[in-house]
Amino acid sequence: MKKNSFAPKKLVAKTTLIAVGTLGLMGLGISAAAAHVTVSASSTAANSYTLLTFSVPHGCDGSATTKVAISLPEGIDDATPTVNPNWTASKVTEKLAQPKTLENGSKVSERTTQVVYTAKTPLDPELRDALVLSVKLPEKAGSQLNFPVLQSCVKGQTNWSNLVKPGQDHDAVEDPAPFVTLTAADTEDHAAQPSAAAQPANSDNNAGSQAPGWIGLAAGLLGLLMGAFALFRTRKSNTQ
């Protein structure tokens, strides 16, 4: 009996389309996870010291990044920038209406409102970098701390300043401001600064923005396995 050579070719074409479509979905999922400037925190416990890692995943519509200005919310009086060899860091401060007494008894008359990182060489839009600040979180558990970021590029800028409301989908907001939500205070002593080797844990907004990426990746892997199985069956039928 003469074999039908058309059916195997049709299956091969279908398998190829599945694989190509799967790779496209994977790309969309991963790009969605990396679409925004986000922040993650080594600790979100109220009244604790934490390392805030701001991820800068891309430029401004294809233009290289030259400056990243991170605004600090009320409740955070100062920030210590972590040295990054690719950037220089500076602070913008403002006078307080009244001096503030800290837990150690010292008084401060001004607070840091913004930390500005300036690139020594413009950051290629196809590359990412991470900028880390050490801060002391305020005491109010459950509150959302917003960190608007102004990203300046060789051409143009993006103002990541639109606030994400509690319960709102982070990816549904255009140019969302990075944020962390404070959790209940730990019972341990918070006097010591966090270790520089501390591994940042994803904050609520970062985890939300990465979810589509993981979903796309899982769907992509499943599609590739299905395509490989179909191709295997096709080749096996041709040899029989």
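Me: A charge sits over a ring if NZ of Lys or CZ of Arg is within 6 Å of the ring centre and within 35 degrees of the ring normal. Over the ring of which residue does the charged end of Lys136 sit?

Reply: The model discussed here is predicted. The charged end of Lys136 lies 5.2 Å from the centre of the ring in question, and the cut-off for the distance is 6 Å.

Me: In what order do the strands of the open sheet of four strands run?

Reply: Strands β1 and β4 (79–81) are the edges, since each of them is listed as pairing on one side only, while β2 and β7 pair with each other in the antiparallel sense over eight bridges. Within that pairing, Ser55 has Ala130 of β7 as its bridge partner. From one strand to the next the twist averages 25°. With antiparallel pairing, the order of the open sheet is β1-β2-β7-β4.

Me: Which element gives the most residues to the largest nonpolar core?

Reply: This core has 26 residues, and the members that touch the most others are Leu52, Phe54, Ile70, Leu133 and Phe147. Two or more residues come from each of β1 (38–41), β2 (49–56), β3 (65–71), β6 (107–123) and β7 (129–136). With four residues, the element that gives the most to the core is β6.

Me: What share of the contacts in the chain with a separation of 6 or more is accounted for by residues 24 or more positions apart?

Reply: The secondary structure comes to two helices and eleven strands, and from the N terminus on the elements run α-β-β-β-β-β-β-β-β-β-β-β-α. Of the 240 residues, 36% count as buried. Among contacts with a separation of 6 or more, the share that falls to residues 24 or more positions apart is 74%.

Technical notes. Residues are numbered from 1 along each chain as its sequence is written. This is a predicted model: local features need pLDDT of at least 70, side-chain atom pairs count only at pLDDT 80 or more; totals for chains, interfaces and linings use all residues. Side-chain values use heavy atoms; hydrogens and water are left out. A nonpolar core is a set of buried Ala, Val, Leu, Ile, Met, Phe, Trp, Tyr and Cys residues joined through side-chain atoms within 4.5 Å. Buried means under 20% relative accessible area, exposed over 50%, partly exposed in between (1.4 Å probe, protein chains only). Two strands pair if DSSP finds at least two bridges between them. Axes are lines fitted to C-alpha atoms, for helices over the stretch in contact, and angles run from 0 to 180 degrees between N-to-C directions. Contact means heavy atoms within 4.5 Å.
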